[in-house]
Each structure stands twice: as C-alpha cells, then as structure tokens.
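Please follow the sequence and the structure shown here together, moving from single residues to the spaces between them and then to the ligand.

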Amino acid sequence: MIEFPDDFLWGTATSAYQVEGSPLADGAGPSIWQRFAHTPGLVRDGATGDVACDHYRRYRDDVALMRSLGTNAYRFSIAWSRVMPEGRGMVNAAGLDFYDRLVDALLGSGIEPMVTLYHWDLPAALDDRGGWLNPEVARWFAEYAAVVFRKLDGRVKMWATLNEPWVITDGGYLCGVLAPGHRNRFEAPIASHQLLRAHAEAVKAYRAEGRHRIGIVVNLEPKYPASDDPGDRAATTRADAYMNRQYLDPLFLGRYPEELREVFGEAWPRWPADDLALVRQPIDFLGVNYYTRSVTRFDPHAWLLQAAPVVQPRATYTETGWEVCAPALTDTLLWVKERYGNPPLYVTENGAAFFDPPALEGDCLPDPLRVDYLRKHITAVHAAIEQGADVRGYFVWSLLDNFEWSHGYSKRFGIVHVDFQTQQRTPKDSARFYARVIASRGRVLNEGGRPGGSA
Ligand code: BGC
C-alpha cells in the first residue's frame with residue numbers, strides 16, 4: 001500500500017540560468033554560462049538563457065502555477081553574479097531583492113523554498129581568476145553564501161551548497177560540453193577538490209550564523225556490471241568511483257576512493273589531509289538527483305575509465321538517451337543509506353525529456369511517457385522508504401520546459417509546457433498526474449495502470 005507521510009515534501013525544481021532570463025538585469029554581472037552560450041557553436045541552435053522562461057519577471061505567475069498543482073516545496077538556485085556581480089566584494093542589493101521577493105511569494109503560497117547556492121553559473125569575473133581551479137574559490141564561495149544566509153535564513157529552512165559537483169567538473173573541465181568548456185584531465189580532479197572545499201567552507205559559514213538545515217546535491221547514477229567477467233566488474237567499480245563515490249566518500253568518510261588514482265593516473269594530485277578533514281563537515285541532509293542507471297562493460301578504448309555503457313535492447317530511453325529504470329532509484333537510495341549511515345535524503349531532481357505531442361483541444365497536452373516515468377519513480381521512492389531509507393521529499397525536474405544547457409531548448413523536461421514565443425505555460429498531463437499524486441499522498445499510485453492511463 002503506497003501512502004507517503006503527511007509531512008513529505010512534494011516539489012518541483014529549476015535553476016537560475018535555465019529559467020530566469022534577464023541575466024544582466026538590475027546590476028547583475030555576467031556568469032560563465034552567459035559567456036559560454038554567447039560563444040558561437042557551443043549551444044545547439046545558438047540558444048542562450050537571455051530570455052529562457054522569463055521567470056525573473058513572471059515569478060509570481062509561476063508560484064501561482066506551483067500552488068495550483070498542490071506542491072508544498074520548490075527548489076531553485078541563486079545566481080551568484082546577481083548577488084555579487086564580480087563574484088566577491090560588492091553586493092548588489094537589487095539582485096538579492098529578487099530572491100527576497102521570490103521567497104516571500106513562495107511562503108505566501110504555503111510553499112517551502114529549498115535554495116541551491118550554486119547551480120553552474122559561476123561569476124565570469126571569478127573564472128578570469130581561474131574559477132574552480134583557484135584554491136581561493138572556497139573563500140569566495142563562503143563569503144557569497146554568508147551574504148545570502150544573512151538575507152534569507154530567517155525564512156529559508158533548507159539550503160544546498162552545490163548542485164552536482166560531478167557534472168560541473170566532468171562537463172566543465174574534463175569533456176568541455178558545459179561552461180567553462182575546458183577539456184583537461186589534469187584540471188578535473190582539481191576542480192572537484194576545490195568544489196568540495198568550497199562546499200565545506202559554506203557549511204562552516206552556515207554553522208556560524210545559520211539556524212536551519214544545510215546539505216549538498218549530488219547526481220547519482222548506479223553502475224551495474226554487464227557480466228560477471230572480472231574486466232566488466234572492474235570497469236563498473238571505476239565508473240562508480242568516478243561518478244558517485246568521488247564526492248560522497250570525501251563528504252561522509254573523509255577520503256577519496258582508491259580507484260581514482262588508477263582512473264586519473266599522473267593527473268591525480270596528492271591532497272593534504274587537512275583538506276579532507278575539512279570536507280567531512282557534518283551535513284543535515286543529502287539531495288540526490290536521479291535520472292538513470294548505467295550497465296557497464298570494459299572498453300579498452302574508452303578515455304579515462306576504460307568503461308562503456310551497454311544499451312539495453314528492451315528498455316525505454318528518454319530523448320537525452322537515458323534508460324528509464326526506476327528500480328535503480330530504489331537501489332540508489334538504499335545504497336546511500338547503507339554506505340553513508342542513513343542520512344536524511346531528498347530526491348532533489350527526477351524527471352525526463354520526451355518528445356511532447358502538440359496540444360490537443362482544450363489545452364490538453366498528453367505526455368504519457370513522462371506520466372509513466374513519474375509513476376514508476378515515485379513508486380520507487382516509496383519502496384526505498386519502506387526499506388528504511390530516510391527520504392523526506394521529492395522534487396520533479398522540472399516545473400517548466402527550460403534552457404537545457406548545451407541542448408538549448410531542444411529537450412523539454414517540464415511538467416508544464418512553455419511556448420517560448422509567447423511564454424505561455426500549459427500544464428501537461430504529467431502536471432495533472434503529479435497534482436493527483438500529491439493530493440492523495442501517493443495513494444493514486446496504488447491504482448497501477450498502463451502508461452499514461454487515467455492521467
Ligand atoms: C541538472 C539540471 C538539468 C537536468 C537534466 C541535472 O543534471 O541539475 O540542471 O537540466 O539534469 O539534464
């Protein structure tokens with residue numbers, strides 16, 4: 001019998017650069033995403049976040065939309081360069097005021113804010129000083145965080161330092177597909193390490209003056225060996241160390257996984273023990289972003305990991321090429337519980353990009369594959385709770401179709417459709433389905449049903 005607890009948080013999630021638009025309004029400085037998107041050839045169709053969902057100006061309507069769905073939580077991020085145009089020093093009161101108004105609007109509608117301090121949009125001025133490669137960045141981040149805490153901690157009770165340090169370094173410093181677009185095996189472990197230090201310094205700053213709860217958000221993608229072959233097994237372990245344990249082991253256990261030495265070879269630095277002690281700051285919760293799993297095999301030609309994913313012929317894949325596999329979400333949450341001492345958890349992102357058919361009469365927007373995805377994954381979260389994982393909330397990625405990084409606007413993750421010509425918002429069937437899940441505290445999931453049925 002599925003029934004979620006009374007105090008379970010049901011939310012949606014977005015991030016600043018992906019939805020806000022007006023990136024330079026009211027005295028804001030440019031971010032690395034502003035620069036990246038404005039460099040020809042880096043983002044599909046030359047798309048930028050200049051307008052995005054125009055949420056910076058339409059936030060009140062978007063909060064009303066969240067309320068109409070019955071959500072009681074909203075995860076959003078703060079653009080560092082709105083608050084500090086140069087990344088440090090001068091504070092731009094007008095930029096901070098936007099988040100002040102947003103928080104008030106949310107609370108006025110009975111929606112708990114969960115604030116992420118960093119979702120990939122580093123102030124460009126800091127990138128000029130080496131960005132995440134400069135050890136000073138930990139101090140810069142903690143200073144920025146303290147400014148935001150002082151303004152909002154009276155009303156914001158859930159804070160996340162970073163969103164997905166793995167994606168920041170893999171996309172931004174190793175593969176070059178995300179800002180700042182570097183492709184350098186030597187930089188990647190440095191950026192990861194400075195991200196972890198920055199997280200820890202922000203947590204320390206929070207302990208000095210914050211009154212509520214702070215954590216971090218990681219993306220986890222469990223790895224399953226394609227066979228019992230020792231080569232496949234070892235490749236799977238390396239992939240898991242690189243993507244999942246690279247961050248969680250230092251955060252919870254105070255050490256990096258051994259396999260990273262083998263993965264990075266001569267590019268793996270020797271880190272001071274003090275840094276690792278710093279990184280292991282107690283946190284109040286862990287945010288888990290889950291989209292897919294990977295079945296992994298040994299591939300001698302694969303750069304760095306010598307591991308490659310194996311396509312599952314019978315599975316459904318999303319438009320971003322990710323296998324739909326809900327049981328792996330249960331596995332992931334239970335793995336965190338076992339390995340890291342049962343920390344309080346939130347599923348801070350979960351969702352899928354699928355091709356959305358055009359609107360039918362009466363504004364009806366059928367998206368049966370996304371409905372099915374949500375049905376299965378929310379059920380999987382419940383299964384993890386039943387087996388003892390301390391999961392306290394679930395956030396759909398995303399409230400709105402938005403700027404999907406280097407894919408531009410070509411991948412739609414929203415449960416609400418956005419017409420980017422008119423900015424009109426239209427709830428898809430998945431939004432209506434999610435509203436029913438929330439209203440029934442998940443009991444509607446007991447009805448089962450075919451993909452898209454009774455949405
Ligand atoms: C990120 C989001 C992104 C989503 C879908 C996550 O990695 O936090 O910003 O839009 O995945 O790709």
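Arginine 101 is partly exposed, with a relative accessible area of 34%, where partly exposed denotes the range between buried, under 20% relative accessible area, and exposed, over 50%, as judged with a 1.4 Å probe on protein chains only. This arginine 101 belongs to helix α5, residues 93-108, helices being DSSP runs of H or I with at least four residues and strands runs of E with at least two, numbered from the N terminus. Between arginine 101 and arginine 60 there are 41 residues of separation in sequence, while their C-alpha atoms are 9.1 Å apart in space.

The model is predicted, so that local features need pLDDT of at least 70 and side-chain atom pairs count only at pLDDT 80 or more, whereas totals for chains, interfaces and linings use all residues. Residues are numbered from 1 along each chain as its sequence is written, and side-chain values use heavy atoms, with hydrogens and water left out.

Aspartate 45, in the loop between α2 (32-37) and α3 (55-69), has a positive phi of about 60° although it is not a glycine. Alanine 52, which is placed in the loop between α2 and α3, has a positive phi of about 45°, and it is not a glycine either. As to accessibility, aspartate 45 counts as exposed at 70% relative accessibility, whereas alanine 52 is buried, with a relative accessible area of 4%.

Alanine 179 and proline 180 are joined by a cis peptide bond with omega about 5°, and proline 180 is found in the loop between α8 (165-174) and α9 (187-209). A cis peptide bond also joins tryptophan 397 and serine 398, with omega about 10°; serine 398 is found in the loop between β11 (391-397) and β12 (416-419).

Rolling a probe the size of a water molecule over the atoms shows where empty space is left. A search of the whole structure finds 4 cavities of 30 Å³ or more, a cavity being a set of points, on a 1 Å grid over the protein atoms alone, where a 1.4 Å probe fits but cannot get out, with lining residues having an atom within 4 Å of a point. Grid points are joined across faces, edges and corners, and a volume is the space filled by probe spheres set on the points.

The largest cavity holds about 110 Å³ of space. Its lining is made of 13 residues, of which Tyr17, Glu20, Pro23, Ala79 and Arg82 lie nearest its centre, and both α1 (16-19) and α4 (80-83) supply at least two residues of that lining. By class, the lining of the largest cavity divides into 4 nonpolar, 6 polar and 3 charged residues, where Ala, Val, Leu, Ile, Met, Phe, Trp, Tyr, Cys and Pro count as nonpolar, Asp, Glu, Lys and Arg as charged, and the others, Gly among them, as polar.

The second largest cavity has a volume of about 60 Å³, and of its 13 lining residues, Trp33, Trp120, Ile168, Leu178 and Ala179 lie nearest its centre. Helix α8 gives the most to this lining, with 5 residues, and the lining divides into 11 nonpolar, 2 polar and no charged residues. Ala179, named here near the centre of the second largest cavity, is also a partner in the cis peptide bond with proline 180.

The largest pocket has a volume of about 1,300 Å³, a pocket being an open set of points with protein on both sides within 12 Å along at least five of seven lines. It is lined by 49 residues, of which Trp166, Asp170, Glu221, Met243 and Trp322 lie nearest its centre, and α8 gives the most to this lining, with 5 residues. The lining of the largest pocket divides into 27 nonpolar, 14 polar and 8 charged residues.

Finally, there is the ligand. Residues around the ligand include His119, Trp120, Tyr291, Trp322 and Trp397, each with a heavy atom within 4 Å of it. A polar side-chain atom of glutamate 404 lies 2.6 Å from an oxygen atom of the ligand, and for glutamate 349 the corresponding distance is 2.8 Å. Taken alone the ligand exposes 310 Å², of which the protein buries 94%, with accessible areas coming from the Shrake-Rupley method with a 1.4 Å probe.

Terms used
Polar contact = N/O pair within 3.5 Å; in protein donor to acceptor, adjacent residues only side chain to side chain.
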